[in-house]
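Open the model in your viewer and show it as a cartoon. The stops below say what to select and what to look for.

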Amino acid sequence: MANPLIKITDIKRNFALGDEIVYVLKGIDLEINKGEYVALMGPSGSGKSTLMNLLGCLDTPTSGSYILNSKDVSKMKDDELAEIRNKEIGFVFQTFNLLPRTTALDNVALPMIYAGYSKSDRTARAEEVLNQVKLGDRMDHHPNQLSGGQRQRVAVARALVNKPSIILADEPTGNLDSKTSIEIMTLFNEIHAQGNTVILVTHEEEIAEYAHRVIRLRDGVVESDVRKEMMPTNSI
């Protein structure tokens, strides 16, 4: 059997708060295979956001190991983590995080600059993924000329542009109405169907229904980990 794409072993994350130590993650074991579609859920204070930051290589654990695509990232330095984030992880945020004075095309191409691609390669790939998310006619538009749903599609295209191992989406429908949320989640279904690994962080049960596996955290540990036998519903 192939190695899992993600393997987390006894991950703990503590934070110093004055003279106190706050134990946020209390020993998490988790494996995610290539091509899975996972929803990560949990109430406020469950450790969900901390785990997301660790999965996204935005933070490192206090102890334990994190193997991502056969690389031990749990002990990497900041510059090494930055390279991993650029090559291995495509982020989609609730607030889109687009550059306001930059076209959709240039927003999408931005991660390829850091990866060292030529301008012609950046443009060609950015056009390809914008067409993939059905924004081929909006490439020259700035974010303020786009609807919320279109801005999130630009963010999804940017996440895809470097062909990462993981698409990590943090509350991707949080700023969208119900109709647009369905459109964005349908897009994530399409992205997953094309072979991408998707990890969706959400507090909304109806959004988690789109995933094929739901991991629930509570008080810094995994409370449940359920794989679905049936495809998710497409209603919000």
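Two strands pair if DSSP finds at least two bridges between them. Helices (H or I, at least four residues) and strands (E, at least two) are DSSP runs, numbered from the N terminus. This is a predicted model, in which local features need pLDDT of at least 70 and side-chain atom pairs count only at pLDDT 80 or more, while totals for chains, interfaces and linings use all residues. Residues are numbered from 1 along each chain as its sequence is written, and side-chain values use heavy atoms, with hydrogens and water left out.

**Stop 1: the four-stranded sheet**

Select β1, β2, β4 and β5. They form an open sheet in the order β2-β1-β4-β5, with antiparallel pairing. At the edges are β2 (20-32) and β5 (71-72), each of which pairs on one side only.

Which residue of β5 is the bridge partner of Ile67? It is Asp72. Leu68 stands opposite Lys71 in β5. The hairpin of these strands has two residues between them, and Asn69 there takes a positive phi near 50°.

Move to β1 and β4, which are antiparallel and joined by five bridges. Thr9 stands opposite Ser65 in β4.

Axes are lines fitted to C-alpha atoms, for helices over the stretch in contact, and angles run from 0 to 180 degrees between N-to-C directions.

**Stop 2: a salt bridge**

Select Asp59 and Arg13 and show their side chains. They meet in a salt bridge of 2.8 Å, N to O (a side-chain nitrogen of Lys or Arg within 4 Å of a carboxyl oxygen of Asp or Glu). Asp59 lies in the loop between α1 (48-55) and β4 (63-68), and Arg13 lies in strand β1 (residues 6-17), 46 residues apart, so the pair links distant parts of the chain. The whole structure has 15 salt bridges.

**Stop 3: the six-stranded sheet**

Select the open sheet with the order β6-β7-β8-β3-β9-β10, where the pairing is mixed. Why is one side of β6 (89-93) and of β10 (221-227) left without a neighbour in the sheet? Both stand at the edges, so each has a single partner strand. On average, neighbouring strands of this sheet are turned by 15° against each other, direction ignored.

Inside this sheet, pick β3 (residues 37-41) and β9 (residues 213-218), which run parallel and are joined by four bridges. Ala39 stands opposite Val214 in β9. Then show α5, which packs on the sheet and touches β6 and β7 (166-170). The direction of α5 makes about 170° with that of β6.

**Stop 4**

On the α4 side, the contact is made by Arg125, Val129, Leu130 and Gln132. On the α5 side, Val154, Ala157 and Leu160 take part.

Notes
Contact means heavy atoms within 4.5 Å.
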